[in-house]
Amino acid sequence: MIGQNGTVQSEHKPDMRGDLGDLGADLLALSELQVELLSVDTRDAVRESFSPTIYLAVGMGLCIGSFPVLLLGCAWWLSSAFELTLASCMLTVAVLSLILASGFFFFAWKGFKKSLRILQRSGTELRSNIDWIKTIISDKHRNRQKTVHRK
């Protein structure tokens, strides 16, 4: 474009620095919020997983403690050929403790599932934020192209 005094003037180009600065500030604020949400979700997940951890420890203790008794009971039971002896009683105790341990494992599994579900909130929010960033970038790109094509 030639100006009034005969000098060549360049066309007005949009200032991208302001847009990039705004986008950078938005991304930093969004990152801070995402990290804060993750820390809150992690704290809640740890709090929710406390009792399942206790159930798991008790269940593992019962399982570990009952296996030797179970093996001894099976050996004594087979040698006695179906007579009620000390071995059959040990076997009964071992089986009952395994049933009890499986109950503890069930409650632990259920509790861990619940506590890990809390972290899905952070994942959902992160996906939402990434979609928002994509939308903002594509909108700014489309607006920039429209202003360039109009001139």
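**Note on the helical chain, its salt bridges and its aromatic cluster**

1. Start with lysine 114. This residue is partly exposed, at a relative accessible area of 47%. Here buried means under 20% relative accessible area, exposed over 50%, and partly exposed in between, with a 1.4 Å probe and protein chains only. Lysine 114 forms a salt bridge with glutamate 48, and the closest N and O atoms are 3.7 Å apart. The cut-off is a side-chain nitrogen of Lys or Arg within 4 Å of a carboxyl oxygen of Asp or Glu. The pair links distant parts of the chain: glutamate 48 sits in helix H1, lysine 114 in helix H3, 66 residues apart. Glutamate 48 is partly exposed too, with a relative accessible area of 31%.

2. Basis of the model. This is a predicted model; local features need pLDDT of at least 70 and side-chain atom pairs count only at pLDDT 80 or more, while totals for chains, interfaces and linings use all residues. Residues are numbered from 1 along each chain as its sequence is written, and side-chain values use heavy atoms, with hydrogens and water left out.

3. Overall build. The protein chain has 4 helices and 0 strands. Its elements run α-α-α-α from the N terminus on. Helices (H or I, at least four residues) and strands (E, at least two) are DSSP runs, numbered from the N terminus. Of the 151 residues, 19% count as buried. Among contacts in the protein chain with a separation of 6 or more, 80% come from residues 24 or more positions apart. A contact means heavy atoms within 4.5 Å.

4. The other salt bridge. The structure holds 2 salt bridges. Besides the pair in point 1, aspartate 44 bridges to arginine 47, with the closest N and O atoms 3.6 Å apart. Both residues lie in helix H1 (residues 16-48), and they are 3 residues apart, so about one helical turn separates them. Arginine 47 is exposed, at a relative accessible area of 55%. Side chains of opposite charge can pair when their charged atoms come close.

5. Aromatic pairs. A search of the whole structure finds 4 of them. In one, the ring centres of phenylalanine 106 and phenylalanine 107 are 5.6 Å apart and the planes stand at 65°, which means the pair is edge-to-face. Phenylalanine 106 also pairs with tryptophan 109; this pair is tilted, at 6.3 Å centre to centre and 40° between the planes. Rings of Phe, Tyr and Trp (its six-membered ring) pair if their centres lie within 6.5 Å; planes under 30 degrees apart count as stacked, over 60 as edge-to-face and the rest as tilted.

6. Phenylalanine 106 and tryptophan 109 both lie in helix H3 (residues 86-117), 3 residues apart, about one turn of the helix. Phenylalanine 106 is partly exposed at 41% relative accessibility. Phenylalanine 107 is partly exposed as well, at 45%. One aromatic cluster takes in Tyr55, Phe104, Phe106, Phe107 and Trp109.

7. Surface. Tyr55, Phe106, Phe107 and Trp109 make a nonpolar surface patch of about 430 Å². Helix H3 gives the most to this patch, with 3 residues. Patches are made of residues with over 30% relative accessible area and no salt bridge: like charges are joined within 9 Å, nonpolar side chains (Val, Leu, Ile, Met, Phe, Trp, Tyr) within 5 Å. The accessible surface of the protein chain comes to about 11,400 Å², and 68% of that belongs to carbon and sulfur atoms. Accessible areas come from the Shrake-Rupley method with a 1.4 Å probe; for residues, only the protein chains shown count as cover.
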